[in-house]
Structures are given as structure tokens and as C-alpha cells.
Amino acid sequence: QVQLVESGGGLVQAGGSLRLSCAASGRTLSGHIMGWFRQAPGKAREIVAAITWSSGNTYYGDSVKGRFTISRANAKSTVYLEMNSLKPEDTAIYYCAARRGVQFLLNYDYWGQGTQVTVSS
């Protein structure tokens with residue numbers, strides 16, 4: 001089992017920045033992928049970014065490329081999502097998730113409770 005707790009959401013003006021954190025506990029993250037997803041009201045959940053814990057390989061959704069950066073701190077078992085140049089359409093609940101393996105886009109097994117990000121225009 002992997003427990004995930006997100007933090008760092010909030011209200012920010014368009015063009016601003018936020019950094020989300022996801023603290024993991026329960027088992028080693030070696031061999032896992034950590035991902036950030038988001039879901040806006042009335043829309044399907046979408047993957048924002050993901051990173052392989054061991055090698056640091058990354059994946060980004062098209063809508064956030066060049067604006068968001070995912071990273072991890074191995075010693076803290078924490079994954080971050082640095083969000084810059086935020087737009088109103090980035091408003092959503094952001095979820096941290098984890099899965100074993102190396103495939104970014106397959107189903108994730110563990111999920112956090114989510115953190116709200118609201119971008120005002």
C-alpha cells in the first residue's frame with residue numbers, strides 16, 4: 001500500500017505560480033511511477049504529468065508542456081508539481097497518484113485526496 005497526501009493548492013491569479021507537493025508513505029517507491037492528474041467540473045480526469053521514481057523520466061500532458069515541471073525528492077518520498085504561467089483553464093482538483101511499472105498512461109493504483117487549484121482571470 002502507498003498512502004499519498006497532497007498539499008499546496010490555493011487561489012492564484014492568471015499568470016501566477018503554485019507548487020503542489022505529494023508526500024508518499026507506506027512502502028518504497030522504487031519501481032513506481034508518480035503522477036499528477038486533474039479534474040475540472042464537468043470534465044474527465046486527465047493526466048498532467050508523471051515521473052518514474054527510480055530514473056526520473058518524465059511525461060507531460062500537451063496542455064501543460066513548457067509551463068509545469070514535475071520533480072521528486074527521494075529522501076523525502078515527495079513529488080512536486082511546479083506550475084507556472086497559470087491559466088483559468090488550469091482550475092481543477094489536482095490528484096497525486098502512484099502505480100508500479102514504467103507505463104505512464106496505464107491505470108494508477110493509489111490516489112491522494114486531491115487539492116483544489118483555482119486560477120482567477
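In this predicted model, Leu 81 is in contact with Leu 18, Arg 19, Leu 20, Trp 36, Val 48, Ala 49, Phe 68, Thr 69, Ile 70 and Tyr 94, when its neighbours within four places in sequence are left aside. Leu 81 is also among the residues with the most contacts inside the largest nonpolar core.

**Nonpolar cores**

- The largest nonpolar core comprises 30 residues. Alongside Leu 81, the residues with the most contacts inside this core are Leu 4, Met 34, Trp 36, Val 79, Met 83 and Tyr 94.
- At least two residues of this core come from each of strands S3 (18-25), S4 (32-39), S5 (46-52), S7 (68-73), S8 (78-83), S9 and S11.

**Strand S8 and its partners**

- Strand S8 is mostly covered, with 5 of its 6 residues buried.
- S3 and S8 run antiparallel and are joined by 6 bridges. Tyr 80 in S8 is the bridge partner of Ser 21.
- S7 and S8 likewise run antiparallel, joined by 6 bridges. Here Thr 69 stands opposite Glu 82 of S8.
- The hairpin of S7 and S8 has 4 residues between the strands, and Ser 77 takes a positive phi near 50° in this hairpin.

**Aromatic pairs**

- The model contains 5 aromatic pairs. One of them joins Tyr 95 and Trp 111 edge-to-face, with 6.5 Å from centre to centre and 80° between the planes.
- This pair links distant parts of the chain, as Tyr 95 belongs to strand S9 (residues 92-100) and Trp 111 to strand S10 (residues 110-111), 16 residues apart.
- Tyr 95 counts as buried because its relative accessibility is 19%, below the cut-off of 20%. Trp 111, at 28% relative accessibility, counts as partly exposed.
- Ring pairs join Phe 37, Tyr 95, Tyr 108 and Trp 111 into a cluster. Arg 45 lies over the face of Phe 37, 5.9 Å from the ring centre.

**Thr 115**

- Thr 115 is located in strand S11 (residues 115-120). With a relative accessibility of 11%, Thr 115 counts as buried.
- The side chain of Thr 115 reaches the backbone nitrogen of Gly 9 at 3.2 Å.
- Beyond its neighbours within four places in sequence, Thr 115 is in contact with Glu 6, Ser 7, Gly 8, Gly 9, Leu 20, Ala 92, Ile 93 and Tyr 94.

Methods: Residues are numbered from 1 along each chain as its sequence is written. This is a predicted model: local features need pLDDT of at least 70, side-chain atom pairs count only at pLDDT 80 or more; totals for chains, interfaces and linings use all residues. Side-chain values use heavy atoms; hydrogens and water are left out. Rings of Phe, Tyr and Trp (its six-membered ring) pair if their centres lie within 6.5 Å; planes under 30 degrees apart count as stacked, over 60 as edge-to-face and the rest as tilted. Buried means under 20% relative accessible area, exposed over 50%, partly exposed in between (1.4 Å probe, protein chains only). A charge sits over a ring if NZ of Lys or CZ of Arg is within 6 Å of the ring centre and within 35 degrees of the ring normal. A polar contact is a pair of N or O atoms within 3.5 Å; within protein, one must be able to donate a hydrogen and the other to accept it, and residues adjacent in sequence count only if both atoms are side-chain atoms. Contact means heavy atoms within 4.5 Å. A nonpolar core is a set of buried Ala, Val, Leu, Ile, Met, Phe, Trp, Tyr and Cys residues joined through side-chain atoms within 4.5 Å. Two strands pair if DSSP finds at least two bridges between them.
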